[in-house]
Amino acid sequence: MRFLLSAALFAALVAPALSQTPSPSPSPAAAVPRPAATSIDDFARARLDAMFRAGHADAAVFSATFLAQVPVAQIDSILAGLKTNLGAYKSIAGTQGDYTAQFEKGSDEVLVHLDSADKIDGMLFKPPKMQAVSLDDGLRVLRELRPATGTLSYVILEGRTERAALEASAPLAVGSAFKLAVLAAVRDEIARGRRHWTDVVPLDARWKTLPSGVIRTWPDNTPITLATYAAEMISISDNTAADALVRLAGPAALAPYAFRNAPFLTTREMFVLKSTPGAAQREAYLAARTPAARAAVLRAVDALPLPGVAQLVSTPILAIEWQYSVRELCDLMGRVADLPLMSINPGVADPASFRSVAFKGGSDTGIINL
């Protein structure tokens with residue numbers, strides 16, 4: 001994904017901004033209109049059923065706007081992956097745009113939106129759910145899904161007992177999961193009495209950055225509490241909220257949780273470094289070998305304007321990221337998991353199955369973490 005988003009493992013978002021490769025618009029004759037007596041749900045289910053049975057997405061059922069940004073081949077790739085992991089397709093059920101496809105070995109929830117012409121203009125495949133398997137079986141599937149050129153790292157703890165681990169101490173780029181460190185630093189400041197969750201801090205225009213998140217669209221100087229910044233940062237991975245808290249906490253508060261991430265990047269700095277206008281600064285940053293040298297580059301980066309989304313490079317640059325091991329992320333999660341805001345977005349978990357859930361994910365081009 002081009003934006004820095006909170007995402008779930010195996011989730012495949014099929015919506016505008018995933019691809020800039022145009023696909024031809026469907027022929028009007030190929031589209032089958034919805035019969036007057038057929039409900040939208042029946043119509044949507046029938047289209048999904050046909051797609052899953054064929055293992056292929058028919059361009060005629062998607063809007064031209066959708067197809068202009070998401071190629072059919074990308075959807076076909078997702079369908080093939082579901083068949084590989086879940087076995088043969090069986091049936092579809094659901095209502096009001098939220099449908100569940102049943103397979104031999106599990107199920108997958110699919111969110112669909114139809115436009116006024118009954119064409120699909122938005123679709124989200126959620127993480128597939130395997131039928132009850134052992135931990136060993138589940139981890140085996142995870143290992144088999146790892147691309148040949150990819151890096152996989154995980155740790156599973158039960159209380160303080162480690163149940164399973166793979167490369168658990170290896171630092172990896174983690175996308176938006178770095179926000180756990182920011183939250184831990186802010187919580188420390190509050191515990192020391194230096195700040196309070198109810199403190200109101202006006203939104204500084206210099207903190208505004210690219211999506212994900214909505215605070216970037218709010219008027220400058222909007223009064224916002226620290227609690228709101230933190231809740232937005234975690235629940236919808238708001239990048240502007242994260243940058244605000246990085247600036248407010250400051251390097252000293254972040255230092256205990258920065259580890260090898262010094263100086264601590266803001267998302268704005270990352271986006272500038274990963275843009276075409278920031279090419280010179282990117283080369284200088286990658287060549288820098290000390291925190292002081294990187295800080296000098298970031299001072300030049302902070303003077304540049306925020307790039308547009310179309311100016312972001314599309315290839316992974318994992319060296320311009322926040323680097324944490326999964327063990328370190330588990331420690332950070334342990335420091336903030338009891339905060340109520342950590343359960344606003346339960347991620348891949350079903351909250352009804354647990355006493356409490358705390359979740360933070362992260363993804364960027366070439367990265368997925370949760």
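Visitor: Why is Phe-259 called partly exposed?

Guide: In this predicted model, Phe-259 has a relative accessibility of 39%, and because partly exposed is the class between under 20% for buried and over 50% for exposed, Phe-259 counts as partly exposed. The residue lies in the loop between α7 and α8, and its phi is near 55 degrees, a positive value in a residue other than glycine.

Visitor: What makes the peptide bond from Ala-262 to Pro-263 worth a look, and where does Pro-263 lie?

Guide: The bond from Ala-262 to Pro-263 is cis, with omega near -5 degrees, and Pro-263 lies in the loop between α7 and α8. Another cis peptide bond joins Pro-211 and Ser-212, where omega is about 15 degrees; Ser-212 has its place in the loop between β10 (200–202) and β11 (223–225).

Visitor: Which residues are closest to the centre of the second largest pocket?

Guide: Val-246, Arg-247, Pro-251, Pro-263 and Phe-264 are the closest to the centre, out of 16 residues that line this pocket. Its volume is about 280 Å³. By class, the lining has 10 nonpolar, 2 polar and 4 charged residues.

Visitor: What makes a set of residues a nonpolar core, and which members of the largest one touch the most other members?

Guide: The members must be buried residues of the nonpolar kinds, joined through side-chain atoms within 4.5 Å. The largest core has 57 residues, and those that touch the most other members are Leu-183, Tyr-229, Leu-245, Phe-264, Tyr-324 and Met-342. Two or more residues come from each of α5 (179–191), α6 (226–235), α7 (239–258), α8 (267–273), α10 (291–302) and α11 (326–336), and α7 gives the most, with 11 residues. In soluble globular proteins, nonpolar side chains tend to be buried together.

Visitor: Which residues does Leu-245 touch, apart from those up to four places away in sequence?

Guide: With those set aside, Leu-245 touches Val-182, Val-186, Leu-226, Tyr-229, Ala-230 and Met-233. There is also a second, separate core of 28 residues, which includes Leu-82, Ile-92, Tyr-99 and Ala-101.

Visitor: How do you know that the span of helix α1 agrees with what its 15 residues should give?

Guide: The expected span is 1.5 Å times one less than the number of residues, so the 15 residues of α1 (residues 40–54) should span 21 Å, and since the end C-alpha atoms are 21 Å apart, the two values agree. After α1 comes Gly-55, whose phi is positive, near 70 degrees.

Visitor: Which residues of α1 are buried, and what covers them?

Guide: The buried residues of α1 are Asp-41, Phe-43, Ala-44, Arg-45, Arg-47, Leu-48, Asp-49, Met-51 and Phe-52. Among what covers them are α3 (72–86), β2 (89–95), β3 (98–103), β4 (106–114) and β5 (120–125).

Visitor: Is Ser-63 buried or exposed, and how do you know?

Guide: Its relative accessible area is 6%, and the limit for buried is under 20%, so Ser-63 is buried. Ser-63 lies in the loop between α1 and α2 (64–67), and, leaving aside neighbours within four places in sequence, Ser-63 is in contact with Asp-115, Lys-119, Ile-120 and Asp-121.

Visitor: Why does Lys-274 count as buried?

Guide: Lys-274 has a relative accessibility of 8%, and because buried means under 20%, this lysine counts as buried. The place of Lys-274 is in the loop between α8 and α9 (279–287). Apart from residues up to four places away in sequence, Lys-274 touches Arg-282, Gln-311, Leu-312, Val-313, Ile-317, Ile-320, Glu-321 and Asp-364. Lys-274 and Glu-321 are 47 residues apart in sequence, with their C-alpha atoms 10.0 Å apart in space.

Visitor: How many residues of the protein chain count as buried, as a percentage?

Guide: Of the 370 residues, 46% count as buried. The chain has 11 helices and 14 strands, and of its contacts with a separation of 6 or more, 67% are between residues 24 or more positions apart.

Technical notes
Residues numbered from 1 in each chain as written. Predicted model: local features only at pLDDT ≥ 70, side-chain atom pairs only at ≥ 80, totals over all residues. Heavy atoms only, no water. Buried < 20%, exposed > 50% of the residue type's maximum accessible area, 1.4 Å probe, protein only. Helix = DSSP H or I, 4+ residues; strand = E, 2+ residues; numbered from the N terminus. Contact = heavy atoms within 4.5 Å. 1 Å grid on protein atoms, 1.4 Å probe; cavity = no way out; pocket = protein on both sides within 12 Å on 5 of 7 lines; lining within 4 Å. Points joined across faces, edges and corners; volume = space filled by probe spheres on them. Nonpolar A, V, L, I, M, F, W, Y, C, P; charged D, E, K, R; others polar.
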